[in-house]
Amino acid sequence: MSLRDALRIPTRDVTDEAVYRDRRRVVAGLAASGALGLAGCAKADPPAAPPAAKVDPARMRAGFTTSEERTTYQDVTSYNNFYEFGTGKADPSQAPRTLRTHPWTVAVGGQCAKPGRLSLDDLLKGLKPEERIYRHRCVEGWSMVIPWLGVPLGDVLKRFEPTSKAKFVAFTTLADRKQMPGLSYPALDWPYREGLRIDEATHPLALLATGIYGKPLLQQNGAPLRLVLPWKYGFKSIKSIVAITFVEHMPFTSWNDEASDEYGFFSNVNPAVDHPRWSQKTERRIAGTGSKLFADRIPTRLFNGYAEQVGSMYAGLDLRKWF
Amino acid sequence: MVLSAAAARPVRRRTEPGVIVAKIVVHLLALLPAAWLAWQIRNELVLGTGRLGADPVAAIEHFLGLWALRLLMITLAVTPLRQLTGKAVLLRFRRMLGLYTFFYATVHFAAWMVLDLRMDASQIGAAIAKKPFVTVGFAAWLLLVPLAATSFQRAMRALGRRWGQLHRAIYVIAVLAVLHFWWLVKSDIREPLLYATIAALLLGWRVWKRFAISPRRTATAG
């Protein structure tokens, strides 16, 4: 079964978020009581390998999951920055469903031995989707906790055999006026482009996501294929990817082009480096089902709390200069 | 002093019924956004996520700020409208519109301090001191305070000519408020541009009146 097929499972087989949350609690409870082996339960969980209810310490250390309260599916899919569908937070979810996600091809090229134009199925063939529950921090000062579904970006990239000249990887979002009404306004220099250093792109935390909450990505979340880089501000996690290019030099990135003093190439989450217009010391966490009116701001952590995993990549780098 | 001031008070003319009705309507219209917001907050508290979206704190701040700005523009439109229509009665609505501007601006500021920054004095202070868009917004609100405080008849009489000079601060406030909005948005300037255009027209009208018309008047007078 290809990933695409896996994602096209009938609605009745898709676990409802409430059940999803509840089952975890029940399973965790059983596990805690020692009444149940977990392997059997796990098999029933389509389409990805389910996260173990009892998180194994190695994975926890790797930051692949978190027990923090999750953002609801409703909030993750209705509060989005995706300027190709409008610059308001609700615009992308309220825009007409004009994005054609099938067929979808991704052009991979540049400094690699095996460039090509691949269908989404071919791009992800043989890779087992996995779930990662990551914190997601927006440069605007709000954050979410999201269960993504995807494959490690590094596993996909290495199939193209990047050469020693591939120091960076550049990504491009689809830019089709017919499918994306927001393109009629030049909020950014379209198409949207982002980039990573090759070591960042191949870091185990970097995810090429195709789903949220065990369901396929919706248009507003960057269907059918997007990046998820939990230690960086959200805008680095480019959506609806149509091109991946291995390059020798630091590539053009859209927000950096728009305001280079506000949005650096790295854009790692860092409470010590303020955005010129607002502080990054704390954040408003959008999570849970209760009212968010009385929730306290929470302190922002260096690299969004993933410093243990990604910190070594930035050793010796002046994080004020290379923000 | 008090007695003489009271004695000097002119006999109040009775307000015409039409004006009273119109004032009630304006009050209701000005309160409508606040009532809508109060209802949405009630729903948010009782039912959980509602029309305020995933980030209700940001939505509340933005909504209140936007209405403060809209009422400011409406207040500034009163004088040009009177000059264009010749209807002096319009001036009777200016003060209440100005006070509603102050009301929305104050609740906007309070929402930012209480709901957003959770009364964290150090963060509030740092933001006002270091973030230009906050500094500008705070300055606009601060300038509104003396205008609201001197909006009643007795202050008007006590200040005499200086009352008019003081209340010309509204022009500065309009510029600061638009700038506050402009600096807040990330790259889509359409909405702040709309308000900047309206403010430019309203202030430009006054400049034009002063410099393009008065010389001619002086000429005929001379």
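Helix axes are lines fitted to C-alpha atoms over the stretch in contact, and angles run from 0 to 180 degrees between N-to-C directions. The model is predicted, so that local features need pLDDT of at least 70 and side-chain atom pairs count only at pLDDT 80 or more, whereas totals for chains, interfaces and linings use all residues. Residues are numbered from 1 along each chain as its sequence is written, chains are lettered from A and ligands numbered from 1 in the order in which they are written, and side-chain values use heavy atoms, with hydrogens and water left out.

Chain A contains 11 helices and 12 strands, helices being DSSP runs of H or I with at least four residues and strands runs of E with at least two, numbered from the N terminus. Of its 323 residues, 54% count as buried, that is, under 20% relative accessible area with a 1.4 Å probe and protein chains only, while exposed means over 50% and partly exposed in between.

In chain B, the axes of helix α5 (residues 121-130) and helix α6 (residues 132-149) come within 5 Å and cross at roughly 95 degrees. The helices α5(B) and α6(B) are therefore roughly perpendicular to each other, a term that covers angles of 65 to 115 degrees. Contact, meaning heavy atoms within 4.5 Å, is made by B:Ala127, B:Ile128, B:Ala129 and B:Lys130 of α5(B) and by B:Pro132, B:Val134, B:Thr135 and B:Phe138 of α6(B).

Elsewhere in chain B, B:Val114 belongs to helix α4 (residues 94-116) and is partly exposed, with a relative accessible area of 41%. B:Val114 and B:Val57 are 57 residues apart in sequence and, from C-alpha to C-alpha, 9.8 Å apart in space.

Terms used: Parallel < 35°, antiparallel > 145°, perpendicular 65-115°, else oblique.
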